[in-house]
Amino acid sequence: MGLIILFVLVSVVVRIHGASLLCTNARSRCFRKVITCPAQCPSTSSKDPTAKVCYVDCNSPLCQAVCKNRKPNCNSPGAACLDPRFIGGDGVVFYFHGKSNEHYSLVSDLNLQINSRFIGLRPAGRTRDYTWIQALGFLFDSQTFSLEATRAATWDDKIDHLQFTYNGKELIVPEGHLSSWKSPESSLRIERTSSKNSVLVTIPEVAEISVNIVPVTKEDDRIHNYQIPSNDCFAHLEVQFRFYGLSSKVEGVLGRTYQPDFQNPAKPGVAMPVVGGEDKYRTLSLLSADCTSCIFSPAGVLDQENSLLVDYGSLDCTGSASSGNGIVCRK
């Protein structure tokens with residue numbers, strides 16, 4: 001009897017102190033369900049940028065909330081980090097080697113286009129560019145948004161290296177942890193997850209993108225022999241994408257890995273599984289959807305029959321992802 005009373009009291013405390021949020025996405029299996037944050041992280045935000053916060057996932061099959069850090073996790077599905085190493089929606093690690101100063105479609109769906117611009121260099125004796133993601137461009141509905149890492153000769157984490165535009169105009173998001181900006185149409189939200197160089201970008205019911213700006217360190221340069229010049233630290237983006245209701249036709253370097261019947265061409269068991277497709281995914285600019293495989297429609301009409309209600313974020317991707325070898329994630 002005492003245990004039952006204790007359990008009831010704990011439940012009441014969680015409900016009192018934990019945030020309760022209603023899932024309003026009509027395409028979600030959790031539509032109209034109230035999800036309560038756990039006692040370990042009762043709030044969806046924190047003044048401490050290193051603290052874990054409550055993340056309510058309305059696409060989870062369990063309709064639950066979890067505690068997590070809001071910085072990119074380079075070992076989870078939807079991540080794009082390093083040179084750049086992707087982890088696809090199928091959980092397989094692969095590398096895509098584009099060319100410096102060119103643009104590529106990472107995701108192209110009926111209502112969303114995400115492009116990237118690469119920066120890089122080609123040391124003497126190399127047959128390809130070393131590249132990093134320097135900027136992202138978003139097209140959704142009739143809106144455009146971009147964020148990029150500004151160039152720096154040397155890295156100073158006390159300086160903010162993020163630059164934004166919205167519908168072609170410069171956008172200022174005040175520095176400071178939890179500082180945020182929302183578009184007039186409420187179709188875009190940008191929140192700083194630390195005082196500088198880290199943000200969470202949310203396109204409601206479409207995508208959530210964690211971004212962190214980092215330099216190529218001297219240790220990275222030594223290990224990989226990048227031969228980084230003295231006048232550029234190659235500030236670039238670490239990114240983790242989370243998508244909601246992608247269509248079965250989704251395309252792009254990363255997007256195609258979310259197709260239900262996708263067969264990843266990356267060779268398993270090799271140290272650096274590389275996939276091609278530069279010509280299919282190259283775009284003329286950061287904010288254009290003109291690649292040969294692009295399917296984005298400015299009208300933003302989502303084909304409900306082709307929508308994928310799959311919770312890729314709940315995949316278990318623990319293991320040796322940091323080694324760079326391909327892995328398969330399972331629910």
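Reader: How many helices and strands does the secondary structure of the protein hold?
Author: The model is a predicted one, in which local features need pLDDT of at least 70, side-chain atom pairs count only at pLDDT 80 or more, and totals for chains, interfaces and linings use all residues. Residues are numbered from 1 along each chain as its sequence is written, and side-chain values use heavy atoms, with hydrogens and water left out. Helices (H or I, at least four residues) and strands (E, at least two) are DSSP runs, numbered from the N terminus. By that rule the protein has 3 helices and 20 strands.

Reader: What percentage of the 331 residues in the protein is buried?
Author: A residue is buried under 20% relative accessible area, exposed over 50%, and partly exposed in between (1.4 Å probe, protein chains only). Of the 331 residues in the protein, the buried share is 53%.

Reader: What is the phi of Gln227?
Author: Gln227 belongs to the loop between helix 2 (218–224) and strand 18 (236–243). Gln227 is partly exposed, its relative accessible area being 42%. Gln227 is not a glycine, yet its phi is positive, at about 65°.

Reader: How many residues apart in sequence are the parts that Arg282 and Glu102 tie together?
Author: A salt bridge is a side-chain nitrogen of Lys or Arg within 4 Å of a carboxyl oxygen of Asp or Glu. The side chains of Arg282 and Glu102 form one, at 2.7 Å from N to O. Arg282 lies in strand 20 (residues 282–283) and Glu102 in the loop between strand 7 (93–96) and strand 8 (103–109), so the separation of the parts in sequence is 180 residues.

Reader: Which residues are joined with Arg282 into one network?
Author: Arg282 also forms a salt bridge with Asp279, their closest N and O atoms being 3.0 Å apart. Asp279 counts as exposed at 61% relative accessibility. Through salt bridges that share partners, Arg282 is in one network with Glu102 and Asp279.
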